[in-house]
Amino acid sequence: MTGSVLWLRRDLRRADHPALVAAASEGPVLPLVVIDATLWEGAGVVRRAWYAASVRACAEAYDGQLVLRVGDPRKVVPAVAREVGAQAVHVTRESTPFGRRRDAQVERALSHRDIRFISTGTPYAVGPGLVVKQDGAPYQVFTPFRAAWRDHGWPAPAGAPANLAVAHLESDREAWSFVDDALSVEGLPPLPEPGEAAALRKWREFLDGELAAYDTDRDRPDRPGTSQLSPHLKVGAIHPRTLLADLAGRRDRAADTFVSELAWREFYADVLWHNPSSAWRDLKPTLSGLAYDEADDLVEAWRQGRTGYPIVDAGMRQLLATGWMHNRVRMITASFLTKDLHVWWPIGARHFLDHLVDGDLASNSHGWQWVAGTGTDASPYFRVFNPVTQGKKFDPDGAYVRRWVPELAHLTGAAAHEPWTRDDGYAAGYCPRIVDHAQERVDALARLAAAKERVTR
């Protein structure tokens with residue numbers, strides 16, 4: 001008889017795992033991953049592949065004893081618990097709208113069979129919903145949230161359970177075929193090395209290297225200035241509490257900036273917790289009357305990295321080729337879609353979520369809303385990123401553009417950001433601009449003024 005089932009979702013690791021510690025206190029633990037086939041097919045190929053690779057690595061971390069099943073968790077989880085005689089199912093508490101609904105349904109199904117459903121910890125240092133104002137209201141602006149988040153604090157990393165006993169149960173062959181198929185898709189971009197050990201190694205390399213210049217280099221797509229940990233945080237191969245513990249006591253600007261970036265991730269999770277509909281709808285109604293275009297041909301050019309604006313195209317091609325895009329370039333490409341092409345942000349957010357190896361619902365949707373001007377702590381709608389000046393500022397020598405847009409490799413320095421100013425700018429077949437940024441900026445501001453007028457009537 002197994003003590004309990006540990007149902008793994010966004011916590012594919014063994015270290016610093018409160019739910020595992022809680023499960024191990026009740027005896028042998030059966031680690032379980034359930035693939036919901038309906039959701040699996042609806043996810044992008046890159047996200048599926050990354051999760052599949054991470055599950056495979058997690059299985060090795062659990063000595064090959066991780067159980068993989070396919071089906072509706074409302075049926076599969078209770079069935080597995082009954083099969084092994086478990087009295088409890090332990091999980092890391094979910095915070096997404098879908099995850100919360102699913103877990104409530106699984107908990108009800110388990111209660112009918114007198115099996116306890118126990119949630120311990122979250123994928124965040126501070127669980128969404130815990131940081132609130134003195135009157136109990138959620139924060140609407142990042143800076144005061146960050147201060148309250150720091151004041152709230154977080155526990156030390158959870159110690160590994162002593163003498164962990166892992167129970168055994170056969171997986172479904174069909175389940176592992178889902179993993180194999182996801183990893184054998186033709187044209188799949190190269191994935192990061194998956195697993196907890198790889199995540200910890202990458203963190204140590206960053207801690208001992210690029211972190212020193214993080215406050216200055218994190219906005220430079222032409223430099224290796226970021227941690228590249230977002231895919232690992234997405235699947236829970238490493239916990240942010242582990243990172244924060246290693247940074248405790250450091251007061252340098254670079255470390256403080258990195259902690260702030262972790263706080264942004266936690267802020268967006270908190271926003272989604274309090275406002276579940278904001279996953280795919282405007283958080284704030286102030287731009288509800290804004291006129292959008294259904295520019296299918298232009299949107300497709302944006303998706304393929306053929307807008308004629310080098311920094312935008314470099315980012316979109318990096319996304320397709322690698323499943324990742326530099327955060328500064330995410331903002332630039334998002335601004336181009338929403339304010340140069342006048343397209344509603346969820347269209348871009350869905351494309352990102354399909355292709356990003358680190359695609360996270362809360363961070364993705366609210367990052368897009370920040371740019372679009374519809375979200376919490378949003379960049380004002382009248383702030384329209386100029387793709388040329390942004391490119392020159394954050395990729396001053398044009399190295400990032402030349403890497404991802406080889407048609408511009410013959411242009412030296414910052415000239416790569418303005419091929420239309422050079423006689424030989426289009427010599428290698430680069431595409432012309434699909435819109436005129438200056439004109440579209442004027443159009444965007446006019447649409448904003450019209451939307452505000454409609455609201456005040």
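Trainee: Which residue in β2 does Leu6 stand opposite?

Mentor: This is a predicted model, and the strands concerned are β1, residues 4-7, and β2, residues 29-35, which pair in the parallel sense over four bridges. Leu6 falls within the residue range of β1, and the residue of β2 that stands opposite Leu6 is Pro31.

Trainee: In what order do the five strands form the open sheet?

Mentor: The edge strands are β3 (67-70) and β5 (116-119), each of which pairs on one side only, and neighbouring strands are turned by 30 degrees against each other on average, with direction ignored. The pairing is parallel, and the order of the strands in this open sheet is β3-β2-β1-β4-β5.

Trainee: At about what angle to β5 does helix α5 run?

Mentor: Helix α4 (residues 73-84) lies across β1, β2, β3 and β4 (88-91), and runs at about 155 degrees to β2. Helix α5 (residues 97-111), for its part, lies across β1, β4 and β5, and its angle to β5 is about 150 degrees.

Trainee: How far apart are the end C-alpha atoms of helix α12, and why does that agree with what the helix should span?

Mentor: Helix α12 covers residues 253-274 and is mostly covered itself, with 16 of its 22 residues buried. The expected span is 1.5 Å times one less than the number of residues, so the 22 residues of α12 should span 32 Å. That agrees with the distance between its end C-alpha atoms, which is 31 Å.

Trainee: Which element gives the most to the lining of the largest cavity?

Mentor: The structure holds three cavities of 30 Å³ or more, and the largest cavity has a volume of about 40 Å³. Its lining includes Tyr124, Phe145, Trp149, Glu266, Ala269 and Asp270, and the elements that give two or more residues to this lining are α6 (142-152) and α12. With three residues, the element that gives the most is α12.

Terms used. Residues numbered from 1 in each chain as written. Predicted model: local features only at pLDDT ≥ 70, side-chain atom pairs only at ≥ 80, totals over all residues. Heavy atoms only, no water. Pairing = 2+ DSSP bridges. Axes fitted to C-alpha atoms, helices over the stretch in contact; angles between N-to-C directions. Contact = heavy atoms within 4.5 Å. Buried < 20%, exposed > 50% of the residue type's maximum accessible area, 1.4 Å probe, protein only. 1 Å grid on protein atoms, 1.4 Å probe; cavity = no way out; pocket = protein on both sides within 12 Å on 5 of 7 lines; lining within 4 Å. Points joined across faces, edges and corners; volume = space filled by probe spheres on them.
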